Amino acid sequence: MCKSILPPLVFLLLAVFPRICFGAACIDGKDYFPSKVSPSYSKNWQISYHNSYKLLTVFSSSQYQYALKACDDAPVPSDAVVLSVPIDSVASTETTFVGYVSVINQANSLSAVMNTSFLCDPALRVRADDGLIATLCLLSGGYCTYTVNSAVLNEKQVDVVLTDSYTASSISEGAANGEHSSVPIVIQETTESHPLGRAEWLKAVAALYNLEATANSEFDGIARRYADANRAAMSASGRPSVMVNSPANYTAFESHSWDATDLTWYAAGPQSYIVRLIKDAGATYAFEAAFAGMNTTGLASFPFSTSTLATYATAADVWINTDFYPALESATVAQVAQRDGAAYSAYKSVQCSAVVPRDGLTNSYGFVAFFESGVVQPDVVLWELVRIFHPNWATLPFTYYFPLRPSTKPSDVSCYADTSAPSSGDSGLSGGEIAGIVIGCAAAVALIIGGAMFFVGYRRGYAAIPSGPAPRTSLDVMA
């Protein structure tokens with residue numbers, strides 16, 4: 001018995017031993033990455049392929065280069081950070097990066113996040129409760145310090161930490177000091193002004209797993225649904241003026257209390273991604289004129305006093321992303337009007353019950369899923385905005401947004417209402433699609449005449465009113 005097993009065992013050891021002890025040598029001329037990605041909307045990353053390795057470049061205030069190699073003797077550039085792919089374990093310092101990992105079906109590789117209380121995906125919450133996902137930050141007095149705990153990286157054997165440029169330096173220092181062996185990969189999605197540009201960072205993350213084909217498929221679907229929503233919005237006739245965010249006392253936030261005095265309104269810049277969403281959803285930005293004469297080439301929000309924006313805020317038709325503290329999930333618009341000494345009671349959006357926070361999907365701790373999965377699902381976000389601004393052009397249920405319960409409208413207030421709707425004969429089909437249907441029908445007739453005895457159950461068509469994608473409460477279902 002032993003004699004018959006020995007020769008195969010010897011051959012197995014001879015095959016495995018070199019790989020274990022010396023690593024896998026590259027096969028000359030072999031393309032280890034048959035599927036490839038490239039950015040179409042993102043401006044701040046790029047990737048090139050070189051048979052045995054791929055070079056991922058991230059642009060920030062500094063340039064970061066990562067050589068992702070498939071075999072040990074790949075001729076990687078000497079000035080790049082070298083990493084073997086595919087990776088097995090990942091940590092994330094930002095909730096947005098969790099969405100990128102989940103959308104390519106690698107949620108099970110997530111070993112640590114900065115604070116597990118922020119997780120909203122039900123499947124990830126279960127993994128966190130079971131101890132499979134750890135809190136990454138050092139705690140002080142029960143609060144997260146946002147300093148990475150090297151012991152967690154070691155314990156979880158994390159290959160890569162998806163992080164921002166600021167935190168990346170401290171993680172690199174920890175690795176240099178022998179505290180852990182994790183490699184920080186900088187993700188700069190906040191530098192993208194186009195919503196699809198932010199979502200497209202999922203391709204860069206997928207390259208770490210050699211899942212380029214999956215990433216291309218997922219992103220193509222996101223981009224297609226986004227275009228569908230934009231087309232519906234552009235077909236609507238109404239163009240409401242929309243304001244975003246809420247005035248707040250940020251010093252009071254730090255002390256975990258509310259103070260209605262000395263409020264600052266951080267208004268999204270005209271080039272920001274949320275303003276792009278507003279415009280792509282067929283609306284105008286109510287605060288645009290407030291930025292006249294300012295240098296707004298960046299994507300940041302800008303601080304204004306509430307009184308400075310009062311004229312624009314009073315006239316705005318719709319108010320989104322209000323982010324009131326504490327959360328007002330069950331509040332009426334009338335209750336909002338009483339905040340801050342009734343400062344909002346004169347706002348048209350409040351009087352017309354057009355106040356829409358983005359806390360429609362939260363976890364048991366009250367944290368909002370918009371920041372975890374909304375960035376990687378701009379198609380869903382855009383469809384919801386289309387429904388808010390042009391209700392006859394979209395019928396999907398709300399996932400991220402949560403319209404507050406209406407209050408009685410003053411009789412002397414004229415509220416915005418888009419009454420336009422798709423015509424009954426508008427099928428939403430392009431000329432090429434119509435031609436395809438005609439040809440398909442002709443082929444079907446020919447089959448019938450020829451005596452075909454089978455039925456082809458293929459249907460291609462679109463509803464007159466685009467309904468958008470179904471709501472998704474878990475990123476495990478990214479149809």
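User: What makes two residues count as being in contact?

Analyst: Contact means that heavy atoms lie within 4.5 Å. This is a predicted model, in which local features need pLDDT of at least 70 and side-chain atom pairs count only at pLDDT 80 or more, while totals for chains, interfaces and linings use all residues. Residues are numbered from 1 along each chain as its sequence is written, and side-chain values use heavy atoms, with hydrogens and water left out.

User: Which residues is tyrosine 401 in contact with, leaving aside its neighbours within four places in sequence?

Analyst: Tyrosine 401 is in contact with Ile274, Ile320, Asn321, Val356, Pro357, Arg358, Gly360, Phe370, Val381, Glu384, Leu385 and Ile388. Tyr401 also belongs to the largest nonpolar core, which has 106 residues. Leu162, Phe287, Ile320 and Tyr401 touch the most other members of that core. Another core, of 13 residues, lies apart from it; Ala112, Leu136, Cys144 and Leu153 are among its members.

User: What makes a set of residues a nonpolar core?

Analyst: The set must consist of buried Ala, Val, Leu, Ile, Met, Phe, Trp, Tyr and Cys residues joined through side-chain atoms within 4.5 Å.

User: Why is serine 241 called buried?

Analyst: Buried means under 20% relative accessible area, exposed over 50%, and partly exposed in between (1.4 Å probe, protein chains only). Serine 241 has 15% relative accessibility, so serine 241 counts as buried. Not counting residues up to four places away in sequence, serine 241 touches Thr284, Ala286, Ala315, Ala316, Asp317 and Val318. Serine 241 is found in strand 12 (residues 241–244); strands (E, at least two residues) and helices (H or I, at least four) are DSSP runs, numbered from the N terminus.

User: How do you know that strand 5 and strand 6 pair?

Analyst: Two strands pair if DSSP finds at least two bridges between them. Strand 5 (residues 90–92) and strand 6 (residues 110–113) have three bridges, in the parallel sense. Serine 92 stands opposite valine 113. Strand 6 is also joined to strand 7 (residues 134–135), by two bridges, and these strands run parallel. There the bridge partner of valine 113 is threonine 135.

User: What does right-handed mean for a crossover?

Analyst: With the strands pointing away from the viewer, the path from the first strand over the helix to the second runs clockwise. Strand 5, helix 2 (residues 95–103) and strand 6 make a right-handed β-α-β unit. The crossover from strand 6 through helix 3 (residues 122–129) to strand 7 is right-handed as well.

User: Why do strand 13 and strand 16 stand at the edges?

Analyst: The open sheet has the order 13-14-16, with antiparallel pairing. Strand 13 (247–248) and strand 16 (301–305) each have a single partner strand, so one side of each is left without a neighbour in the sheet.
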